[in-house]
Amino acid sequence: MNETRTNLQKSAGLPDVNVLDFLTKYFIQSLLVVAALGLGAVNPYFRTATNAENVLLQASFSGIGAAGMTLLIVSGAFDLSVAGLLGLCGVILAKLAPDIGVTLAIVAALVTGFVLGLVNGVVVTKLQIPPFIATLGMMNIYVALAFIASAGQVIPASDVTFQFLGTGTLFGVLPVPFVVMILIYVICRGILSRTKLGRYLRAVGSNEIAARTAGIPVDRVRIIAFGIVGGCTALAATFLTAELSSANAIMATGYELTVIAVVVIGGTSLKGGKGALFGSFAGALFFAMISNALNIFGVGAYWQYVVTGLFLISALAVQALRSSFQTAE
Amino acid sequence: MTNHDSEQGGQAVPRLDALAHFMGVFESLGVLVLLVALVCAASIIAPGFSTYTNITNTIIMASITAAAGLGMTFAIAVGGFDLSVGSVQALTAIVAASLLGVASVPIAIIAALLTGLVLGLLNGVIITKLKIPAFVVTFGMMSIVRGVALLVTQGQSVMITKHPDFATLNNGKVLGVPVPFIIVLIVLAALYLILHHTPFGRHTCAIGGNRAAAIASGINVDRVTILVFGLVGVTAAISGVMLSSQLMIVDGTLGTGLELQAIAISVLGGTSLSGGNGNLVGTLLAAVLLATIASALNILKVAAFYQYLFVGVLLIFALSIDTVRRIILAKVMLRRI
C-alpha cells in the first residue's frame, strides 16, 4: 500500500501531497467534480445556467434532510419515517397557510416536524425498538395521518411567498433552498464539532455502553438527534411544497432511501461515531446531478429506483472493503 | 424451546427453561386469544362478517401475507430482516403473469419461484460476503427490484388472459377449504420441519441467538445466512404467484408495504426481534388476525387511510410487547446467574 502510494506520488511529481489519501478522503467530492465535468463536456444542455440552478434546487431537498440524518447516523440510529413526515408537514403547511399566514404556517410545520421527530426518538429509546423498524412503523402512521389531514387530496399552496421560497434565487443564480441548505450544513457542522451535544452524539455513536458509563444521557442525546432530523425534514417539506405549489401525503415517496443513500455515499459510516457532513453535502449534489442527467438523456424515471439502490449498496460495499483493508494494514 | 437453551449457553437453569417454555406457549396462545376475541367482536359489530364468502376471502387475504411472513420469521430467527419482500412479490407476480402469456402454468410458476430464489440468494451473498447489515442491503434491493419491476412492464399492467384456469389457484376449494390456505399450510409444515427438525434449522437459530458462538462452534454462518435469505425470496415469490392468481392483472406497484406487514405479523405472532427463534404458527395466526381486522374495517366502511394507520400502530404495539418480553427474560436471567 505504502509502496504504491510513493510510486503514485513520484509519477505525479507531487512529493508533498498524498494523492491516494486525498482521493480516499474526498472520494465523493472528486467523483462529483469528475461527473460534473464529464456530463458538461458531453451534453450542451447540462452546462446551461438554468440546468445548474435546477440541479442545485433538487439537491437542496435531499441535502437538507441528509444534514440532520448525518447527525442521527453519527449517534448510531436512523430514521426511515422521513418520507411520511415530509408529506405530513407539507400537508399541514399547505392547509394552514391560507388561514394563519405563510410565516406562521411554516413555524407550525417546523414545530410539527421537530416534535414528531422527538416522538420517533422516544419510541426508539424508551420503547427500545430497533430504530429502522420503529421508524418504518412510524412512517406508516405519518403517511396515514397526512392522508387523513388532506382527505387524500392535493392541497394547493399558491401564496406569493411560496413562489419566492420555491423558485426564487439570490444573486440571480443561487436558489433560495440551496442557500438555506448551506446554512443548515454550517450549523450542523458547528453542532457536531464545537458543542457539547456534538461530542455527546459522537460518543454515543462510537460506544454506547462507554458513553452511558461516562454519565452521558444517551437516550436524551438520541431523542434530540431524532428531533433535528424531524426539523430538517419539515424544512425540506416547506421548500418542496413551495416548489410544487402544492402538497399531498405521498409527495416524498422514497425520500428516506435517497437521504440515507446521500449520507452513506458521502462517507458517513453506518456504524456511527463519525460523520462526514461535507461528504453528505457533496453526495446530495451528486445524486441530484445523476438524476438530472438521467432525465436529460431521456432514461425513464423507473431507472432512478435502480440507480439509487445500486449506489447505496455499492457505497456500502466500498466502505466495507476500505475498512477491511485498513484492518489488514 | 431448545433454542433458548443454546441462547443461554450451558448456564441454563431448569426453572428458567420452564419459564421460557411457558412464555413460548403464551406467545402462541396470546395471539390466538386475541384472534378469537376479535372474530367474536367482528361477527357481532360487523354484519356480514361471519358469512362463508367473507371468511373465505379473509383467509385468502391472510394466506397471501402469511406466505411472505413465514419467510420473514425465518429471517428474523437468523437475526436479520428482509425489506425487499414487497418488491420481490411484485416482480415475481409480473414474471408469472408475463410467462403465462407464452408458456404453461407450471413453467410460469417455477420461473417465478426461481426468480425469488435468485434475488433472495443475491441478498444473502451481498450481506455475508460484503459484510453489510441485512436491512440496508435489502433496503437497497427493495428499490432496485421495484425499479426492475416497473421497467419490465414499462409501468403498464399485465393481464393474464391465456390461462383462466390459473385463477383456481386462488378461488379453488378442496373440501370447502380455499386453495391458498392449503398452500400456506404446506409452506408452514415445510418451514416448521426445516426450522425444528433439521441441522440447518438449528444452525439458523444458533446464528440468530449468538453469532459469535455459532462461528466458534464451526457453523458455516455465511452459507446458512445465504440460504435463509434464499428461502425468504422463495416465500415472497410464492406470495407473488398467489397474488397474481388472485388479481389476474398485475403491475409494478404491487406489494408496497408488504415488508411492514410481514415483520408485523412475525413479531405479533411471538417471534422476538432479538433473533434465535421463530414462531411460525404464531405468524400464520397473526396474519389471520391482521386480515380479520382489515375485513372488519372494510365492512364497517372505514377509509383505507385508517387501516394504514392501524397497521403502523399495531406494529409499534407488537414491538413494545416484544421489548417488555425481552426485558423480563433478561431480568430473570440476571437473577438466576
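I began with Met69(A), which, when its neighbours within four places in sequence are set aside, is in contact with Phe78(A), Asp79(A), Val82(A), Val229(A), Val259(A), Ile260(A) and Val263(A), where contact means heavy atoms within 4.5 Å. I note here that the model is predicted, that local features need pLDDT of at least 70 and side-chain atom pairs pLDDT 80 or more, while totals for chains, interfaces and linings use all residues, and that side-chain values use heavy atoms, with hydrogens and water left out. Residues are numbered from 1 along each chain as its sequence is written, and chains are lettered from A and ligands numbered from 1 in the order in which they are written.

**Core.** I then looked up the largest nonpolar core, which has 211 residues, and found that Met69(A), Ile133(A) and Leu312(A) touch the most other members. Helix 12 (residues 218–244) of chain A gives the most to this core, with 14 residues. Such a core is a set of buried Ala, Val, Leu, Ile, Met, Phe, Trp, Tyr and Cys residues joined through side-chain atoms within 4.5 Å; buried means under 20% relative accessible area, exposed over 50%, and partly exposed in between, with a 1.4 Å probe and protein chains only. Helices (H or I, at least four residues) and strands (E, at least two) are DSSP runs numbered from the N terminus.

**Ile28(A).** This residue sits in helix 3 (residues 27–42) of chain A and is buried, with a relative accessible area of 2%.

**Contacts between the chains.** Gly137(A) lies in helix 7 (residues 131–150) of chain A and counts as buried because its relative accessibility is 0%. With neighbours within four places in sequence left aside, I found Gly137(A) in contact with Leu260(B), Gly312(B), Leu315(B) and Ile316(B). From chain B I took Ile144(B), in helix 6 (residues 134–153) of chain B, which is buried at a relative accessible area of 11%. Ile144(B) touches Tyr305(A), Val306(A), Gly309(A), Leu310(A) and Ile313(A), not counting residues up to four places away in sequence. Within its own chain, the C-alpha atoms of Ile144(B) and Ser87(B), 57 residues apart along the chain, are separated by 8.5 Å.

**Helices 5 and 6 of chain A.** Helix 5 (residues 82–100) and helix 6 (residues 102–126) of chain A pack at an angle of about 155 degrees, with their axes 8 Å apart. Axes are lines fitted to C-alpha atoms, for helices over the stretch in contact, and angles run from 0 to 180 degrees between N-to-C directions. That angle makes helix 5 of chain A roughly antiparallel to helix 6 of chain A; angles under 35 degrees count as roughly parallel, over 145 as roughly antiparallel, 65 to 115 as roughly perpendicular and the rest as oblique. The residues of this contact divide into 15 nonpolar, two polar and no charged, where Ala, Val, Leu, Ile, Met, Phe, Trp, Tyr, Cys and Pro count as nonpolar, Asp, Glu, Lys and Arg as charged, and the others, Gly among them, as polar.

**Helices 3 and 13 of chain B.** The axes of helix 3 (residues 52–77) and helix 13 (residues 280–299) of chain B come within 8 Å and cross at roughly 140 degrees, and the two helices are therefore oblique to each other. The residues in this contact divide into eleven nonpolar, seven polar and no charged.

Most residues other than glycine have a negative phi, and I noted two exceptions. Gln128(A) has a phi near 50 degrees, is found in the loop between helix 6 and helix 7 of chain A, and is partly exposed at a relative accessible area of 42%. Met248(B) has a positive phi of about 60 degrees, is found in the loop between helix 11 (221–247) and strand 4 (249–250) of chain B, and is buried at 17%.
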